Amino acid sequence: MVKFNRFTLDNGLRVLVHEDNTTPMAVLNILYDVGARDEDAERTGFAHLFEHLMFGGSVNIPNYDGPLQRVGGENNAFTSNDITNYYITLPSANVETAFWLESDRMLNLAFSEKSLEVQRNVVIEEFKQRYLNQPYGDIWLKLRPLVYKTHPYRWATIGQTIKHIEDAKIEDVKAFFKKHYNPQNAILVVGGDVTTEQVKKLAEKWFGNIPAGEKYVRNLPPESVQHEERRETTTGKVPLNDIYIAFQTCDRGDTAYYPTELISDILSRGNSSRLYKNLVKDKQLFSEVHAYITGSLDKGMFVLQGKPVQGVDMDTAEQALWAELEKLKNEDVPLDELTKVQNKTESTMVFSEMSLLDKAMNLAYYELLGDANEFNHETAKFLAVTPAQIKEQALAIFRKENSSTLIYLAEQTDGVDEPELSEAEN
Amino acid sequence: MTELDRKTPPPFNGVENINLIHPEKLTLDNGAKLFIFNSGEQDLVRIEFIFSNLRFDPAKPLMNVAVNTLLNDGTTTMTAAQIADKIDFYGAFLQFDYGYDNSQVTLYTLTKHLNATLPVVKEVLTDSIFPGKELATYKRNQQQKLQVSLQKNDFVARRLFNEAIFGDTIYGKAALPEDFQSLNSDDMLQHFKQMYQPANCTIIVAGKAGVEVVAALTNTFEDDWNNTAAEGDITQPDVTSAEERFIYKEKAGALQSAIRIGMPFIKRSHADFPALQVLNTVLGGYFGSRLMSNIREDKGYTYGIGSGMTSFKHAGSFFIASEVGADVCKAAIAEVEKEINQLKTELIPEDELSLVRNFMLGSLLGSLENVMSHADKFKSIYFSGLDYHYYERYAETVKNITAQDLKALAKKYYDFENFYTVIVGKY
């Protein structure tokens, strides 16, 4: 149980406080309701590039990191297709420094050309390091546009192509800031060794006079229901073949989310899971195999991924995955097995309460979903799932005409014992 | 209402007191040592069973890691699948972690399920049999995984670097795909019996570990767990570093080059270690470090660059690591050299040094997030043969070391000419 207090400033900033005096630290987590899905199709990768620029100095504070490090604090941030999240951890005695820094960059950025130029390069190196210069690194650049045809989930957070990042202009940066980085579009969570009264005062003092700005109304093209089987085969300089089967599935707010998540656990969580036990251990068809969901705020993906053992042909591997899906559609999951994945979910939730930062991030995310208190009811929702609901979801999701299959083949090398690195795709 | 001053930072406080939880210690009848960290609100515990690795045989580089991993794969009474079913059913997590010095088995469990999960761990630690079929699967799958990893420049650079620094020892000799072939169940069983004995075992429990938890642990692990085999040899051969200091592995078509630069170094038990941690932080140990500020934030050559010190039981190293654009690899290395030389010739400005002091103390405080982090702090000193005075000395050093001291240390320890430089990609 994570307790919290909640209030809203006049400018629309939502503030949550989680008091935890077992630690000498404080966390300040700020979630902006903007992600890669809010980007223009011609300027992808922008939300993430922008996250980098948030560290390039704000209107009154030329250097963001230095003053925080000086008071013993650390910070980082991440961008997803749905959100951009910034967080600071610091000794609670210095929590005001976090308010000072975060409020100034919500008020206005410095918009330095030098910062833009450098961060463009840094992000391009990140693009190479994580997506291009890694075996299989470009999988998501290929899989997303197969599953999504109209929704902006069709591009990855890093962006569709390096070109979009190279082309970013300071005017775009300013416009993006104005549109998304205002109090109405943010959720602030302060946790740790603080009191609600103290946070109220500090929030009023530092964030209270930031103009509310205009409310961003999200109006994204919905992804239509898929009616045909999709398939793509690609070849890369990788040592092993790889197979991905992705299905469209419900959004995060749907009640079907809970059985869907448990299906992925039944298939692939831990060494007792079906895919591991049957396909890796017993039938020895795969060297590794995974199932997971993206849990996106809009229509999500259910993904199966596996590397077949060398010598196993791709059709056999694919059929074996489908056979496991068919079982879920045709047979009730035994109660013991369902209880097992539910117990695992329950203990994971308890373990997550050991981390102050995790608690703060979760409160912010659930508040974005509608109500932070739902975080405390999450376990109960998983525990309430029945075998009938599992079967119902399996039937709804695992259909050929709802599938996108990506076959990633290892390029045949001509006797060179050291295969070369995969080359850039674009 | 007065205008809010947004330009001046709010006043701040230094970190004064860092309180570390010290464990309660027990020794079981069979010689196993038990350390107890009892704190926290959640009804859960983490229990680590830690064993020193046996002496390294370069002809069988995978022995320690394979034995550790395959503990999960069957005992005389339970198959791998049954072990997994039981652990997963109770929502517990059983992990097998191999490190260069120690191998360990870790159980995470809700305390209410301790009586169901603990016997599984006991069984695994006392009665593993390394079934041939499971071993064959392990060999094949690990070989395949290694093939993929060998395509990653940073993975290859790390291996080449360790090999150069640590030679033919457990820290340096990396396994090749063909080394998996020589593993066999009989060798592994023998290794297991020598290594996984109570006299070579340190148990560390952290969480809500009250009397009942401790009683469950002592009862389970004192009962019928004896030192039966001859004691295993846990000494390690001496480290000899390579002669060649420049190692370049070209990868055609590489977009980035992985670089790793450094040298053999002092261990945590050395008196200069805390001071060198301050120096390392200035150089590449945090986001605002000189390497990051220059090579990422000013030049944009990389997504990340950092430096660090590794301290093992029998050896240590200092290293700088990054993946940089292939076209700027030479330029990046030149900047690294410049930063190293600057530390040797110029005093660190007091403003920068005070920032690093505060950052390091805040970071130490912040690393004590929960009772498990306190146990981790204990492990760092315990396995280096140190006691809690180390952290007092560390905090004192961070607070008081001078710019002159740091310059002298840089001169004494950082010798770019003699650094090992590994480049994988293009140069």
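Before anything else, two strands are said to pair if DSSP finds at least two bridges between them, and strands (E, at least two residues) and helices (H or I, at least four) are DSSP runs, numbered from the N terminus. What we have here is a predicted model, in which local features need pLDDT of at least 70 and side-chain atom pairs count only at pLDDT 80 or more, while totals for chains, interfaces and linings use all residues. Residues are numbered from 1 along each chain as its sequence is written, and chains are lettered from A in the order in which they are written.

Let me start with a sheet in chain A. Its five strands form an open sheet with mixed pairing, in the order β7-β11-β8-β10-β9, and the edge strands, each pairing on one side only, are β7 (230–236) and β9 (286–293) of chain A.

Within that sheet, β8 (residues 242–249) and β10 (residues 300–308) of chain A pair in the antiparallel sense over seven bridges, and in β10(A) the residue A:F302 is the bridge partner of A:F247. From the other chain, helix α4 (residues 132–149) of chain B packs on the sheet, where it touches β9 and β10 of chain A; contact here means that C-beta atoms, placed from the backbone, lie within 7 Å.

Turning to the two chains together, 65 residues of chain A are in contact with 60 residues of chain B. Which element gives the largest share of the side of chain A that touches chain B? That share, eight residues, comes from α4(A), and among the other elements that each supply at least two residues are α10 (274–282) and α12 (335–352) of chain A.

Definitions and conventions: Axes are lines fitted to C-alpha atoms, for helices over the stretch in contact, and angles run from 0 to 180 degrees between N-to-C directions.
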